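Me: I have a model open and would like to learn how to read its features. Could you walk me through it?

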Amino acid sequence: MYSKIYSGIALGIDGMLISVEADVSMGLPGLSLVGYLSSSVKEAGDRVRTALRNSGYCIPSRKVTVNLSPADVRKDGTGFDIAIASSILISMGDFHITDIFMKSLEETLFLGELGLDGSILPVPGVLPIVDYAAEHGISRVILPAENAAEASFIKGISIIPVRNMVDIIQMMTKNRFMEEYISVRSEYIPNERYMYDLADIRGQEMMKRGVIIAVSGFHNILLTGAAGSGKSMVAKCIPELMPPLSYEESLELTKIYSVAGMLDMSEGLMTKRPFRTPGQNVSTAALIGGGKNPKPGEVSLATGGVLFLDEFPEFQKNVIESLRQPMEDRKVTVSRVKASYTFPARFMLVSARNNCPCGFYPDRRRCRCTSMDIFRYQNKISHPIMDRIDIRLEIRPVKYEELFSEAKGLSSAEAGTMIGVARRRQEERFKNESFRFNSEIPQSRIEEYIILGEEERTKLRSIYESSDISARGYFKILRLARTIADLNDRDRISCDDIEEALYFRNDNGTGQGAYMT
């Protein structure tokens, strides 16, 4: 007897339906699995056989063939187990399944791993698969109870949680599905208190201004300064300065963590912007994504939030250079022989470095680095990477008077109000576009969204002709100026905005500039 049901697989953060066909016929007894399968899927035969026996059903001594199609897509993982077991059960013909229930089974997705005792275990990557299934005619999904909360965030599909094969057998016996999962969600309320507050950073008001500009337009930023000047602390403040995630952003981020197997559903859909801080020993695959079975890397896990690379020059050179494409394209494509996986990489790069290897320069009383040591250290970051960083801040050490002053500096709440003005302007400006921030304006659309007067054009021409900035750097200055004008709640860019953008861009060819005063 022949049967066909559906399962699914995650490709990147997108899903794909996999049809699971089973046929039980006369012939040499045995269970054969076909369809371009990895070893983990081929091993499903032994898991299914043992799980069914321990659930009260034995596979008959006949020829059992199971095909997973399309055959040109490699199937990997253990999520096909209950689909394979269910298709075999239907093909055995031991159940009287009505035509109506059979029609319902054809609109049902099966996901889950089998234990040898018949228990159904959770699997990663459920969210993108269920989302894809809901958009392609699947009306319900049968999956492990532990994955039910994750899948329930997809609208328009019924969630049927199961704990063992006995639950599925009972559904086939009764020709009726079990009760749907009812999600109990509490409305997300943003925390009004800041874990890290800009007010706790004494002095460094220019550094705060640069960070506000960076957050407002989602610009990449490099902080250069002596050890202990507040670089790491201000970086930790950035995620809370960003506005709450939209539903679409939350769903995309949750999909990424689901595929990576890092999703904690105790708090529901992800609502906090990520702050990823990989160490200096991170590999290229871990940072960018990839591996034997491609998974998202740190640049994807930071989507919608911050990727903080502290002691930036201490990362391996090939790791730093691998950031070129994600910083430019806002996505990562991992190519394999039979498939190509695309992961989002829409992150804000926040990097920090000292002035020299020991971290004390320009204090020559403590710094013992030679001029060549300092030159080599500061030039570990190549020009192409430096050119992709919008804001390069030179931070001076904090003076004693500022450190112990009773005067309060700019707080995160005040900065958030300023950023909100710029964000609202961008939301209105880009409401019909696929991009959201000034830093993402395509070069071909610059003249449409950044309108300059004659005076501003003359100034920019003078800057371009009298300096060594690249064409990319020129457009970075334009985007920065647009963000500064938004912060000042103005429609048109002024010469003052351009001058401030040039100051924070700090583009003298090396990314090194004078200390702030």
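The dialogue below goes from the overall build to single residues.

Me: What kind of model is this, and how are residues numbered?
Reply: This is a predicted model, in which local features need pLDDT of at least 70 and side-chain atom pairs count only at pLDDT 80 or more, while totals for chains, interfaces and linings use all residues. Residues are numbered from 1 along each chain as its sequence is written, and side-chain values use heavy atoms, with hydrogens and water left out.

Me: How many helices and strands does the protein have?
Reply: Helices (H or I, at least four residues) and strands (E, at least two) are DSSP runs, numbered from the N terminus. Here there are 22 helices and 18 strands. The C-alpha atoms fill a box of roughly 85 × 45 × 45 Å along the principal axes.

Me: What share of the residues count as buried?
Reply: Buried means under 20% relative accessible area, exposed over 50%, and partly exposed in between (1.4 Å probe, protein chains only). Of the 517 residues, 54% count as buried. Among contacts between residues at least 6 apart in sequence, 73% join residues at least 24 apart.

Me: Now the strands. In what order do the five strands of the open sheet lie?
Reply: Two strands pair if DSSP finds at least two bridges between them. The order is β11-β14-β17-β10-β18, with parallel pairing. At the edges are β11 (275–276) and β18 (391–395), each of which pairs on one side only. Inside the sheet, four bridges link β14 (residues 306–309) to β17 (residues 348–353), and Val-306 stands opposite Met-348.

Me: Do β2 and β3 meet β4 in parallel or antiparallel fashion?
Reply: One of each. Strand β2 (residues 14–25) runs antiparallel to β4 (residues 63–69) over seven bridges, with Val-24 opposite Val-64. Strand β3 (residues 30–34) is parallel to β4 over five bridges, and Gly-30 stands opposite Lys-63.

Me: Which residues of helix α20 are buried?
Reply: They are Glu-456, Leu-460 and Ile-463. Seen down the axis, they fall within an arc of 60°, so they line one face of α20; the arc is that of the directions from the helix axis to the C-beta atoms. These buried residues pack against α21 (471–487) and α22 (495–505). On the other side, Glu-454, Glu-455, Arg-461, Glu-465 and Ser-466 are exposed.

Me: How many disulfides does a search of the whole structure find?
Reply: A disulfide is a covalent bond between the sulfur atoms of two cysteines. The test applied is a pair of cysteine sulfur atoms within 2.5 Å. The search finds zero. For Cys-356, the closest cysteine sulfur is 3.4 Å away in Cys-358, too far for a bond. Cys-356 is buried, with a relative accessible area of 0%, whereas Cys-358 is partly exposed at 33%.

Me: Which backbone details deserve a look in the loops?
Reply: Start with the peptide bond joining Ser-69 and Pro-70, which is cis, with omega of about 10°. Pro-70 lies in the loop between β4 and α3 (81–92). Then look at phi: Tyr-36 has a positive value near 55° and is not a glycine. Tyr-36 sits in the loop between β3 and α1 (39–42) and is partly exposed, at 32% relative accessibility. Asn-175 also has a positive phi near 55°, and is placed in the loop between α7 (165–174) and α8.

Note on methods. Contact means heavy atoms within 4.5 Å.
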